[in-house]
Amino acid sequence: GVSTQPIWRKLWDDVMKTRPPNSESITCWRKKFLETFFSNVLHGVLDVSSDWRLNDRHFSPLLHSSPYVSQLTLCNMLQGAVELTAEHNHKVLENLAGSLQILKFQHLLSCNQSIRRSLVLLLHRLIHHGSVSQVSMCSWPVPNTVLLVLILSMSAGFWRSGNALAYHGSLCGLCREEDKAQSQEGAERGCNAEREGSGGENQKGSPEEAEARMNSVLSGPPLRNPACEETSSKVPCDHTSIQGGSSPRSSSEQLSCHPVPRKTRRWLKPAVGRKRRCLRRSRGRYADPEDLYDFVFTVAREDNSGLLDKTRTTEGDNTKNWTSSSPGSPCTGHAGCKKRGGPAGIFSLKAAHRFRSVSTLELFSIPLTGETCRALSNLLSSWVSLENLVLSYNGLHANISCILSGLRALSRHPECRFRVLRLSDMFSHMPCMELVRCVLSALPQLHTLSVSFDLKNHLEGSRPEENPSCSEAEIPESCLEVLEIRFPREPLHTAFLLPVLKASKSLQQLSLDSATLPCPQELGLLLEVLKECTPNLKKLSFHDVNLAEHQKEVLLLLLDPGLQEITFSFCRLFESSTAEFLSEIINTVKRNSSLKSLKLPGNRLGNHRLVALADIFSEDSLSSLCQLDVSSNCIKPDGLLEFTKKLEGHIQQRGGQIPFTHLRLFQNWLDQDAETAQEALRRLKAVCSVVNDSWDSSQAFADYISVM
């Protein structure tokens with residue numbers, strides 16, 4: 001019953017000798033220490049010989065800490081992958097296969113073929129036979145196309161068959177066990193089929209039919225990839241352009257174009273978080289399994305399959321609803337593009353089997369070319385285990401249509417689990433609301449959609465004409481629960497938002513960031529639409545939206561009985577207001593018993609307005625407010641102490657009972673009088689949970705000037 005947290009915290013100081021980032025949010029110091037310890041030893045940051053407690057030849061730092069590692073980051077030349085796949089770390093890798101949930105790649109550099117082999121072994125063990133559910137890649141300014149597509153394809157569960165996955169000179173043990181089990185199963189099927197066929201006169205049909213049935217049992221039919229199988233009647237489109245004018249293929253046929261032995265439906269359902277055995281390998285198909293480079297990127301001579309492939313479509317006008325009409329648009333179909341793969345060539349999916357895949361993919365600050373977007377689109381089209389996709393600062397521009405095409409194909413699969421899409425970039429390729437409509441038209445099953453852009457397209461001449469079919473298309477009823485839009489200083493037109501809100505009856509959370517209000521009546525219109533179209537809305541957030549002249553609408557929002565959380569962040573609420581406006585806010589919140597959280601960061605409250613807010617919890621208040629955020633509000637220690645004393649008085653008047661539980665104080669001027677600040681915080685923490693930081697207020701003026 002005695003907590004060991006202080007011991008692990010002291011170990012951190014003794015061994016790491018650094019201040020941990022975000023130490024306030026660390027809930028388990030043992031996990032934090034061992035996870036960081038593992039990473040630092042793996043990357044050579046920590047020298048175990050420098051500490052007498054660790055300098056023991058019988059002690060393996062990696063083996064000891066590996067069972068506690070749930071998140072691992074591999075950097076630079078992937079030295080960590082080489083070390084983990086070394087023979088002496090076999091047990092370490094086995095431990096990671098059971099514990100690791102998140103695998104990150106950061107600041108990657110080009111690597112040779114030997115290192116890529118190590119990476120393949122690592123991904124195969126940790127994803128295909130392990131428990132990794134999330135792959136994240138970030139900060140890769142000039143990505144190596146071979147390496148990028150290799151990581152993406154293996155994260156999606158694709159890899160080749162045969163004995164290419166050699167592990168310390170032999171086939172992966174788990175794959176070998178699966179081969180053996182399936183060989184026995186196939187033999188038993190063959191024997192049973194022979195006994196059934198020996199009935200002679202009782203067997204109906206011609207000898208040719210009997211032989212066909214026997215061959216079917218022994219070898220199994222050509223297997224359509226179960227992870228991407230689609231009913232042709234529902235998806236009348238194709239991934240490939242086939243020579244000779246033959247009929248188009250479905251997406252599943254393109255992704256699995258060769259016979260593989262039959263397995264039960266239950267076995268083939270992708271299940272993230274569940275260890276799965278490989279599909280049976282095709283013997284002798286590939287004579288040279290060692291050349292990974294040639295496997296991942298073969299010369300673009302195949303016309304009937306490929307990860308980067310030309311696509312025809314029969315979707316007609318439906319395709320126009322969400323693809324760009326500009327001549328440079330790379331996509332024409334639900335998972336393909338106009339252009340063939342470039343010099344890098346084609347990833348041959350018909351040479352690959354499908355293994356276990358991850359549920360979350362994140363790509364941060366990695367430029368994606370048209371070629372890699374087409375590869376990712378084809379992978380997405382059958383990635384049924386994928387639940388979350390985050391694409392941030394990838395320079396997509398018009399290639400966003402290609403990504404959406406793959407997601408649209410995925411959404412039609414009956415086992416699709418895709419629910420969360422987050423898109424952010426420096427420049428917007430099209431108006432935000434148009435993109436939101438395109439996404440929801442293609443993906444009505446989304447639960448969370450976040451669209452964020454910093455600036456409008458700096459090359460207006462290259463901006464495509466507005467696609468009227470996308471703008472005017474009716475949005476189907478969606479499952480959307482969370483919608484976040486960051487406008488690149490675009491006007492917020494309620495008329496454009498109205499169709500989205502009408503189609504999103506389940507919407508519970510709406511966030512509008514960096515929008516401008518084109519006229520004084522616009523916010524009022526928005527409130528009317530929200531009240532009419534979103535009866536389930538619980539959380540509403542405005543960030544960097546000038547509400548200085550919209551005091552009436554602000555008060556109406558604070559009085560709304562349906563909202564439980566309201567955020568006015570950097571909205572200049574009190575820029576041109578009077579003292580009466582603050583009193584009206586306090587009285588409105590006091591009358592609202594449904595509001596649980598009020599966030600007011602960056603509104604220049606100052607000391608006197610903070611002290612006044614304490615009256616929300618007065619004896620005559622009906623408020624149920626639990627959380628208050630007053631970060632970045634120029635609050636000084638003496639003002640915080642006065643607020644605390646006033647709050648204590650209200651608590652005493654109410655018999656020691658108030659609903660208030662959390663106060664956020666980030667980036668205030670509490671360092672100006674450390675002694676007073678410490679007293680205020682000490683007394684506040686007896687009342688509620690306080691979250692603050694050590695912020696240097698001397699930088700405040702410089703920061704303020706920088707954003708003017």
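The lining of the largest cavity comprises 8 nonpolar, 4 polar and 1 charged residues (Asp, Glu, Lys and Arg count as charged; Ala, Val, Leu, Ile, Met, Phe, Trp, Tyr, Cys and Pro as nonpolar; the others as polar). The model is predicted, local features need pLDDT of at least 70 and side-chain atom pairs pLDDT 80 or more, while totals for chains, interfaces and linings use all residues. Residues are numbered from 1 along each chain, and side-chain values use heavy atoms, without hydrogens or water.

Select Leu396, Ile400, Asp425, Leu435 and Phe453: of the 13 lining residues, these are the closest to the centre of the largest cavity (points on a 1 Å grid where a 1.4 Å probe fits but cannot get out; lining atoms lie within 4 Å of a point). Next, select strand β10 (residues 420–428), which supplies 5 residues, the largest share of this lining (a strand is a DSSP run of E, at least two residues; a helix one of H or I, at least four).

Move to Trp12 and Trp29, whose ring centres are 6.0 Å apart with planes at 75 degrees, so the pair is edge-to-face (paired centres lie within 6.5 Å; planes under 30 degrees apart are stacked, over 60 edge-to-face, the rest tilted). Trp12 belongs to helix α1 (residues 5–16) and Trp29 to helix α2 (residues 29–42), so the pair ties together parts 17 residues apart in sequence. Trp12 is buried at 3% relative accessibility (buried is under 20%, exposed over 50%, partly exposed in between, with a 1.4 Å probe and protein chains only). Trp29 is also buried, at 10%.

Then select Phe574 and Phe581, a tilted pair 5.9 Å centre to centre with 55 degrees between the planes. Phe574 is buried at 8%, and Phe581 is buried at 1%.

Finish at Trp8, Phe33 and Phe37, which form one aromatic cluster.

Note on methods: On a 1 Å grid over the protein atoms alone, a cavity is a set of points where a 1.4 Å probe fits but cannot get out, and a pocket is an open set with protein on both sides within 12 Å along at least five of seven lines; lining residues have an atom within 4 Å of a point.
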